[in-house]
Structure formats: structure tokens, C-alpha cells
Amino acid sequence: MTTTLTSARSAKEQRPPRMRRRRPGASPLTLLMLAIPSIVLIALISIYPFVYAAGQSVRDGSLISPGSFVGLENYRTILSSPDFWHAALFTVVFTVVGVFGSWAIGMGLALLLRTRVPASGVFKVLLMLPWIVPIVVSSTAWNWLVATPDSPIPLLFKLLGWGQPLFLADPILAAITVCLFKVWVSFPFMMLMTSSALASVDGSVYEAANMDGASRWQQFRDITLPLIARSTYISWILMTIFCVNDFPTIYLLTGGGPVQATTSLVVLAYRAVFQDFQVGQGVAIAFLMTLVLVIVSVVLYRQIRKSEIE
Amino acid sequence: MTTVSSQPAAIAALPRPRKNVRQRVSGGPERGQWLRFALLAAITAVVLIPVFVTVVLAFLPTTGGTTPTLQNFVDVLSTSLVGQWMSNSLQVTFVTVIVSVAVAAPAGYVLSRGRNRLVSGYSLLLFVIQSLPVITAVIPLYILFANVGLVDSLLGLSIVYVGTTMSVATWMMAAYFDSIPASLEEAAWIDGCSVFGGFMRIVLRNSLPGILSTAIFAFLIAWNDYLIAIVFLKSDSVFTLPLGLQSFFQQNTTDWGSVMAVSVLMMLPPIIIFAFLNRFFSVGGIGGSLAGR
């Protein structure tokens, strides 16, 4: 990049700028032309389906027939169904544990990796693996480790005298296992986000704090955290979106069971559409969830931008 | 923050001079270093148990015994469609990566250089789209694509993948472009270069790390996806690897040797790519990109 910088400069010096020519600049029209492929794609893949889904949610159609208009019937059915509220509760738990669990671990590792440690480059790559390995593969491995009473982890628990827990058959244990799995999958992303935020913190602030005799915890709480606050909020928002919309992590590990214990809203919507063929209801579930998520996201997004301007 | 964090080099920059100050406080750099090394090694070992298990089971004979063997790989490649699935996955991923970068790069340039209401509205739109669950989009798209013959087709799948990468890919490209001074292309404009020409010849040519970062992201989305594939693909000849792997579980008894062999084949490409290109991969820019405009 440096070479181009100098070559562009020298070219400029050799040829004096032709002043009669109007400086082109990026006109709004040119910018629009550059953005058009992406706008078309977004309109086709994201906006059109969303509008169509809004229509589907007030009809009783199936995958092949549009059905007839039923007004808010689908929404009424869903909102009065205990399954929906159970799934909503699980989604909240799953999201809170997923966001803050992966953040805490990611933050801890990012702080550790920032210090001088032998072979830290190797650790960085190895610790990214849970996020890089396809969920289909890692859920298979987790299944092998915990699914049956004779799997390695339950046997290990038995050996330690902690019983022989059925990790995926007991409702509460299954919920815990799925949340742990999500944290395992997501912490590398948080580690990356935090690492890059930490890299932008000016080191000299710590020297002053050291001289004042601030403890490490005080330095972390009063200097590091506030300095990377904005980046932290953004990583929370992104991870909230990832968690609420997550399907494979839950579906591939437990299928939403036992009974309904680990059914999130997305899994419930998927089941309604592809197993019960209640397209209207399935879309309505996803739509309600989306509405809440979009409102929350936009409010938070504006909050971040406001804090940026101030 | 935008400029600093958007440079992948910022992540790669590791040992920082100020650490010396801290280490002296915590009593001897040598001992502290190895303590942290041991701690990291222990955490990494625990975290990687599932990956380790997958690799070990793939090389263990299903008939019992502990001598490592390639028999599982030979079996799956000869008796199942794994070769075909792998080729399908590679095709879909390749198309997704190329198209995603080609579409996101100019859009990212607009986000990076354009400063007006329309551009910030576009930025907000990308953010809202990113928060839409794929499941809402999938059903209408299925119906739309069924009408034009794009269901059960790898092309249709690629189109949806490119769509799902759009927001993050655009942010990533924009974040990288932010680190390239606008004076570069302005100089080219004065020399009579068009805006598009300046973007292609000056900005894009200097953005290899940003392009690679976006490409890796698109690769992971396309290679790892399960939800979209399970809705859009019906016949096993067009399956991608995730669906292929799942199909092993539909039989009564799970043949763990075969399953893990396919798993290893499936996680190799992302691991190889990441091992070589990880220094280019930066998600920090997303944050700056989101809040910066």
C-alpha cells in the first residue's frame, strides 16, 4: 500500500492537475450505481420475503397454496398457546446465557492472549476452532460425548461419583447443555471482537494507572472496560441477534427436546411450517420474534450512534 | 476506533511494550509467562475435546482395536455420495464467495465514502436485515424459487447464501476501505480517472486483506450452513456436506467411524483456510462500521 501511495503522489507531481476539468468526486448517482447490485440482492433475498411473510402470517395457507385471509387469527392462536410462551422463555434464557457466557470467556481469553505468552499465535488459531468447525460436525461430536448414559462424559461423572446424568434426556440438563454448546460455539467470535477493541487501547493509560498504584482489577474495571464499551455493546447486540435467530445449534443437538424443553422460537416456527404444515402460524411466530428483535436492535443501534456523536 | 480496529494488523500486533510494566508488578516476567502458557494450554485442551474426539474416531477401526486406519475414509468415499456432496459444497461455496465479494465491495465503498442521509439510511437497512431471522425469508423464497426452478438446485442455494452474507460482508469491506485514505483515489480523479476506475484500480487493488477477510466470512457461511440447505435441497445428489452428514443418522444404528470420517473431511477446508489466512480475518471492523456512520 505504501508503494502505491508514493507512486500516486509522484504521478501527481509530474503532471500538474488539469484545473479546467471539473473535479469529478463521487456524485450521488455514481454511488447509487455502485450500490445497485447489493440493493437488488437485498430487495430480492431479504425485503421481498419479509413483506411476503407478513402477508402469509394473516392467511391459513400451506407451502403450496396461499390459503384464505384469516386476519389476526394466527397471532391469536399463537399468543394463547403455552408452547409459544415456553419457547419465548427458553429463547430469552438461551440468548442471555449465550451472549454473556461467550462474552465473559471471550473477554478473559482476549486479555490473556494480549499478554506476553509463548506460542500465543498458535493458541489464537486453535481457540478459533469451535467457531470455524461446522455446527453439523461439532454437534455430532457433542452428541457422541454426552447423549447416552454410556457416553464418555456421563461415564466420567459416574466415575467421580456424581451420578450418571442424562444430559439430553432431562429437560433442565438438556437446556443447560444446549446453552453450554452455544457458549462453546460463540466465544471465539467474542474473543476476536474484544481482541481488536483491546488492540486499539493506548497502552500509556496503564502506565499512569500503575504509578498511581491502581490494582489490576481496578485498571480493568475503570480503564479497559470504559475504553472498549462501545465495541462491547456492539458485540452484545450482534450476539443477541445471532442467538435469537439460531437454529442449527439447538436443532442439531436436541431437536428441541426432550418434550419442548429446548424449543426456541425459531425451532417452534420451523416445526410449525415443516412438520405441522401450519405455514401461517409458523411465519407469524417468526414474525413476532422479528418485530421484537428489530425494535430492540434499532433502539440500541441509535443509542450507539448517539453515544458516538456526543 | 474505526480506523484502528478495522486494520487486521491491529489484531496481529501482539507483544506490546507496555506489558513489561505490568509484568514487573506481577513478579518476574519469566514465571508469569509460563503460568499463563500453562493456563492457556489447559483451556485450549478442554475446549478442543470435541474436535479431538472427532479426529480420533475417524481414524479408529469400527471393528475394534486401536491401530489407526484410513478404512473409514475408504468406506465412506466408496459406498456413499460423499465425493459428490463435497463437490457440491465446494461449488456452492466458491460461487458464494466470488459473488459476495463482488457485490459487497462496491456497496462497502459507498458506505465508506458516501456521507449523506441516504447512505446512513442504507446502513440502518443493512442492520435491520441482519437481524431478520433466516426462517422468515426461507419460506417465501422457497415458494418464489419453486416457480422458477431454483429449488433443489445449487444455484438457487448460492443466491440465498450471497443474500445472507450481504450485511456483514458490506460492513467488513467498508471497514477496510475506511483505512485507505481518500486522497489516494482523489489523486487518481485529478489525473482523469473515473470514480469507478479509481475504485477498481486504486482502492480495490490495495484492499487484499479486506477482500480476504470478507471472502473467509462468506466461505464460513456457505460451507457451514444447515438451515437453508435443508429447506432448499431435496434429492441426495445435490446435497451439500452438512445434509450428507446428517443423512448418516437416519439409519437405525449410527456408524460413528463413517460419521466422524465425513466430519473430518468437512472441517478440513475451513481449518486449512483459517490456518493460512487467519491474520487477514478481522471482525473488529464490523463494530466500527456499525457505529461509525
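User: How many disulfides does the structure hold over all chains?
Analyst: There are zero disulfides over all chains, a disulfide being a pair of cysteine sulfur atoms within 2.5 Å. A:Cys179 is in no disulfide, and its nearest cysteine sulfur belongs to A:Cys243, 8.8 Å away.

User: Is A:Cys179 buried or exposed?
Analyst: A:Cys179 is buried, with a relative accessible area of 6%. Buried means under 20% relative accessible area, exposed means over 50%, and partly exposed lies in between, using a 1.4 Å probe and protein chains only. A:Cys243 also counts as buried, at 1% relative accessibility.

User: Before we go on, what kind of model is this?
Analyst: This is a predicted model, in which local features need pLDDT of at least 70 and side-chain atom pairs count only at pLDDT 80 or more, while totals for chains, interfaces and linings use all residues. Residues are numbered from 1 along each chain as its sequence is written, chains are lettered from A and ligands numbered from 1 in the order in which they are written, and side-chain values use heavy atoms, with hydrogens and water left out.

User: What is the mean pLDDT of chain A?
Analyst: The mean is 82, and 90% of the residues of chain A reach 70 or more. The pLDDT is the predictor's confidence in each residue, from 0 to 100.

User: Where is confidence lowest in chain A, and where is it highest?
Analyst: Confidence is lowest in helix α1 (residues 2–14) of chain A, with a mean of 41, and highest in helix α4 (residues 82–114) of chain A, with 93. Over residues 1–24 of chain A the pLDDT is below 50, and this stretch has 19 contacts in the model beyond near neighbours in sequence. A contact means heavy atoms within 4.5 Å.

User: How many helices and strands does chain A have?
Analyst: Chain A has 14 helices and zero strands. Helices (H or I, at least four residues) and strands (E, at least two) are DSSP runs, numbered from the N terminus. Buried residues make up 50% of the 310 residues in chain A. Among contacts in chain A between residues at least 6 apart in sequence, 64% join residues at least 24 apart.

User: New topic: how many aromatic pairs are there over all chains?
Analyst: A search of the whole structure finds 31 aromatic pairs over all chains. Rings of Phe, Tyr and Trp (its six-membered ring) pair if their centres lie within 6.5 Å; planes under 30 degrees apart count as stacked, over 60 as edge-to-face and the rest as tilted.

User: Why is the pair of A:Trp103 and A:Trp236 edge-to-face?
Analyst: The planes of A:Trp103 and A:Trp236 stand at 80°, with ring centres 5.3 Å apart, so the pair is edge-to-face. This pair links distant parts of the chain, since A:Trp103 is in helix α4 of chain A and A:Trp236 in helix α11 (residues 229–244) of chain A, 133 residues apart. A:Trp103 counts as buried at 16% relative accessibility, whereas A:Trp236 counts as partly exposed at 24%.

User: Which residues do ring pairs link into a cluster?
Analyst: The cluster consists of A:Phe100, A:Trp103, A:Tyr233 and A:Trp236.

User: Let us turn to chain B. Where is the kink in α9(B) centred?
Analyst: The kink in α9(B) is about 25° and is centred on B:Leu141. The bend at a residue is the angle between axes fitted to the seven residues ending there and the seven starting there.

User: How many residues of α9(B) are buried?
Analyst: In α9(B), 10 of the 14 residues are buried, so this helix is largely enclosed by the rest of the structure. Among them are B:Ile135, B:Leu141 and B:Phe145. Just after α9(B), B:Gly149 takes a positive phi of about 75°.

User: Which residue in the loop between α9 and α10 of chain B comes up next?
Analyst: B:Asp152 is found in that loop, where α10 covers 154–178 of chain B. B:Asp152 has a positive phi of about 65° although it is not a glycine, and B:Asp152 is partly exposed, with a relative accessible area of 23%.

User: And is A:Val259 buried or exposed?
Analyst: A:Val259 counts as exposed, at 75% relative accessibility. Phi of A:Val259 is near 50°, a positive value in a residue other than glycine. A:Val259 has its place in the loop between α12 (248–253) and α13 (265–274) of chain A.
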